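Here are my notes on the helix packing in this model. Please read them with the structure open.

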Amino acid sequence: VTFRTLDIGGDKVLPYLEAEREENPALGRRAIRLGLDRPALLRMQLRALLTAAGGRELRVMFPMIATVDEFRAARELVDYEVAWARRRGRPLPELLRVGAMIECPSLLWHLDALLPLTDFVSVGSNDLFQYMFAADRTNPLVAERYDPLSPPALRALQYIQKKCADTGTPVSVCGEIAGKPLEAFALITLGFTRLSAPAAGVGAVKRMVLSTDLVAARRGMANLLGSSAASVRGELESLARKLNVAL
């Protein structure tokens, strides 16, 4: 189990936590920004996780990291709480892994600095793409103006996967695309081997994976990444049909 620290703001609200009105909440004080602005709130959650995981493995992931300094500051709070518990003789996790979500485009150009500091990362595809294409995914007027199966999105994912492979950093993909067979087909052809899908999507994605010839699929994907089209969804569907992939 991977625990994401408090990830509220934007389209995620809590009725018992008062929030200031923001003109653009998706770009405002949300997720890790709120946690770092109110460290007692984040420390309380970390302390609870450390206590509950005594003697077991604990995986903690920080959402919406936009700068390496944000991850360092959040990681320092984990270290502080570990030291606090150790001084008091409290049981600690047998193994502690700390990771970051890659959902802010700024990190794409700072992965060389971030990845050595993390134990794992997860690509938050929903937010990453809405920020890449400057289109609010919750706004029906603009949500359909981009396709995650577009060359820019796929090339960004390929870049992340390559950087993680180069550094030996475990990487997974979460968000809507990980639970849809065609989108998941694109992910595994890009080299991703860990997908975080909703329960309803597991069966269909598993069936797709078991029917896919990865070597042939990766050859076909290489030809699509350089396309100038707004989307290669149709081409991916044709490739999948050609390879008899179960979609």
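**Notes on a loop threonine and the helices around it**

1. Start with the side chain of Thr212. One of its polar atoms lies 2.7 Å from the backbone oxygen of Met208. Keep in mind that this is a predicted model.

2. Where does Thr212 lie? It is in the loop between helix H8 (199–210) and H9.

3. Leave aside residues up to four places away in sequence. Thr212 then touches Phe185, Ile188, Ala217 and Val245. Phe185 is 27 residues from Thr212 along the chain, and their C-alpha atoms are separated by 8.1 Å.

4. Next, H7 and H8. Their axes come within 9 Å and cross at roughly 45°. The two helices are therefore oblique to each other. The crossing of H7 past H8 is right-handed. H7 supplies Pro181, Ala184, Phe185 and Ile188 to the contact, and H8 supplies Ala204, Val205, Met208 and Val209. By class, this contact has 8 nonpolar residues, no polar and no charged. Phe185 and Ile188 on the H7 side are also among the residues that Thr212 touches. Met208 on the H8 side is the residue whose backbone oxygen lies 2.7 Å from the Thr212 side chain.

5. Now H7 (residues 181–189) against H10. The axes come within 10 Å and cross at roughly 80°. That angle makes H7 roughly perpendicular to H10. Leu182, Glu183, Phe185 and Ala186 of H7 make the contact with Arg233, Leu236, Glu237, Leu239 and Ala240 of H10. The classes here are 6 nonpolar, no polar and 3 charged. Phe185 takes part in this contact and in the contact of H7 with H8.

6. Last, H9 (residues 214–224) and H10 (residues 233–242). They pack at an angle of about 160°, with axes 11 Å apart. H9 is thus roughly antiparallel to H10. H9 passes H10 in a right-handed crossing. On H9, the residues in contact are Ala217, Gly220, Met221 and Leu224; on H10, they are Glu235, Leu236 and Leu239. These divide into 5 nonpolar, 1 polar and 1 charged.

7. Which residues tie these points together? Leu236 and Leu239 of H10 meet H9, and both also take part in the contact with H7. Ala217 of H9 meets H10 and is one of the residues touched by Thr212.

Technical notes: Residues are numbered from 1 along each chain as its sequence is written. This is a predicted model: local features need pLDDT of at least 70, side-chain atom pairs count only at pLDDT 80 or more; totals for chains, interfaces and linings use all residues. Side-chain values use heavy atoms; hydrogens and water are left out. Axes are lines fitted to C-alpha atoms, for helices over the stretch in contact, and angles run from 0 to 180 degrees between N-to-C directions. Helices (H or I, at least four residues) and strands (E, at least two) are DSSP runs, numbered from the N terminus. Angles under 35 degrees count as roughly parallel, over 145 as roughly antiparallel, 65 to 115 as roughly perpendicular and the rest as oblique. A crossing is left-handed if the near helix is turned anticlockwise from the far one by less than a right angle, and right-handed if clockwise. Contact means heavy atoms within 4.5 Å. Ala, Val, Leu, Ile, Met, Phe, Trp, Tyr, Cys and Pro count as nonpolar, Asp, Glu, Lys and Arg as charged, and the others, Gly among them, as polar. A polar contact is a pair of N or O atoms within 3.5 Å; within protein, one must be able to donate a hydrogen and the other to accept it, and residues adjacent in sequence count only if both atoms are side-chain atoms.
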